[in-house]
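Here's a quick briefing to read alongside the model. Have the viewer open while you go through it.

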Amino acid sequence: MNADLLIIGAGPAGIAAASEAARSGASFNLIDETGRAGGAIGLAYETRGIPFVADRTPGAAVARLLQAEADRLGGVERATIHSLSEQPGCVVARTDRGEELRARAVVVATGATPMIPPVPGLPPLLQPPWAGSASDIEDAVALQVAVIGGSDVAFDQARALRSRGAAVAVLCRSRAPRAPRWLWQAAVRDGVEVLAHTVVVSADAVGREVDLELRMASTTVHRRFGRVLAAVGRAPRRIEGMEELSMDRARIVGDAVGRAARHVAIAMGDGTLAAFELLRGARETER
Ligand SMILES: Cc1cc2nc3c(=O)[nH]c(=O)nc-3n(C[C@H](O)[C@H](O)[C@H](O)COP(=O)(O)OP(=O)(O)OC[C@H]3O[C@@H](n4cnc5c(N)ncnc54)[C@H](O)[C@@H]3O)c2cc1C
């Protein structure tokens, strides 16, 4: 047995699970495919609503806090978990290199991944880290970036791109963006263009640019952009076999659950509770 608890993912949910395991005196393996702590919050231009962190703290600074906590707990092991299965008394995790890790229980804290909108002809999109990938952004700043979506993430990333010098337009279907008013108004003050009630019908690559066919109210227009970023939602990251594991051996936590409620505080609460319950269950079985 490698450990009492295997924690897959070192974002907020995984770090919280590891803190709880350490507090209870259990042994644990904290694994992330990046080899680092932080997860999705590291992408945020400005964060809000994170307990004990000042609003407007950049996501990169929050990720550094999570990394400091991971270092205090013994660090993050770099591995990608490909599949999970249950055997008597333990869970077996297989890495993409075919190695096996065994633990009494597992916390799956793999987060979520951006969804791609079903727009015919859409070329490869800007990928995370959206605001940090220097070559992509340097290319894009000369041109205009279209952000498809009207959520908090869409406006957060539009502001991040704007702060790097890109001309940015947010294209959202609804009459008013889904993001809180203060956020989209801050984006407008930063110089982000908001095209509400706009549906992206199709896309066509024209040299290094993308021609988007847009339906705005009852008219159809074409606009050229240098890059497109999709922020139309996030889908949970699944690991083969994870749904078949029993509740006394496994918990899925944080953004990996697939709820609409995706926040650091929720992820951390989830991770803490999962580790608490799994480890308490193991202790009661031993008695
Ligand atoms: C742009 C943006 C802005 C945001 N702003 C805010 C905000 O202001 N306030 C707020 O509260 N929330 C914000 N959020 C939401 C917040 O970041 C997430 O809710 C939170 O990070 C979820 O934590 P998590 O641990 O569940 O998943 P994640 O943070 O996504 O972490 C998952 C980790 O699992 C790893 N992983 C995935 N699959 C595997 C595998 N198979 N093997 C090994 N490792 C794996 C990944 O590398 C990743 O590090 C924002 C999100 C985004 C994208």
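This is a predicted model: local features need pLDDT of at least 70, side-chain atom pairs count only at pLDDT 80 or more; totals for chains, interfaces and linings use all residues.

Residues are numbered from 1 along each chain as its sequence is written.

**Domains**
- The chain splits into domain 1 (3–113 + 234–286) and domain 2 (116–230), with bounds from an automatic or database domain assignment.
- Taken over C-alpha atoms, the centres of domain 1 and domain 2 are 31 Å apart.

**Ligand shell**
- Among the 39 residues around the ligand, Gly9, Gly11, Gly39, Gly111 and Gly254 come nearest; a residue is near if its C-beta atom, placed from the backbone, lies within 6 Å.
- Two or more shell residues come from each of α1 (12–24), β2 (28–32), α4 (152–163) and α6 (264–286); helices (H or I, at least four residues) and strands (E, at least two) are DSSP runs, numbered from the N terminus.
- Domain 1 and domain 2 each give at least three residues to the shell.

**Strand β8**
- In β8 (residues 144–148), 4 of the 5 residues are buried, meaning 20 or more other C-beta atoms (placed from the backbone) lie within 10 Å of a residue's own.
- β8 pairs in the parallel sense with β9 (residues 167–171) over 5 bridges; pairing takes at least two DSSP bridges.
- Glutamine 144 has alanine 167 in β9 as its bridge partner.
- β8 also pairs with β14 (residues 227–230), again parallel, over 4 bridges, and there alanine 146 partners valine 228.

Technical notes
A residue is buried if 20 or more other C-beta atoms lie within 10 Å of its own, exposed if 12 or fewer, and partly exposed in between; C-beta atoms are placed from the backbone.
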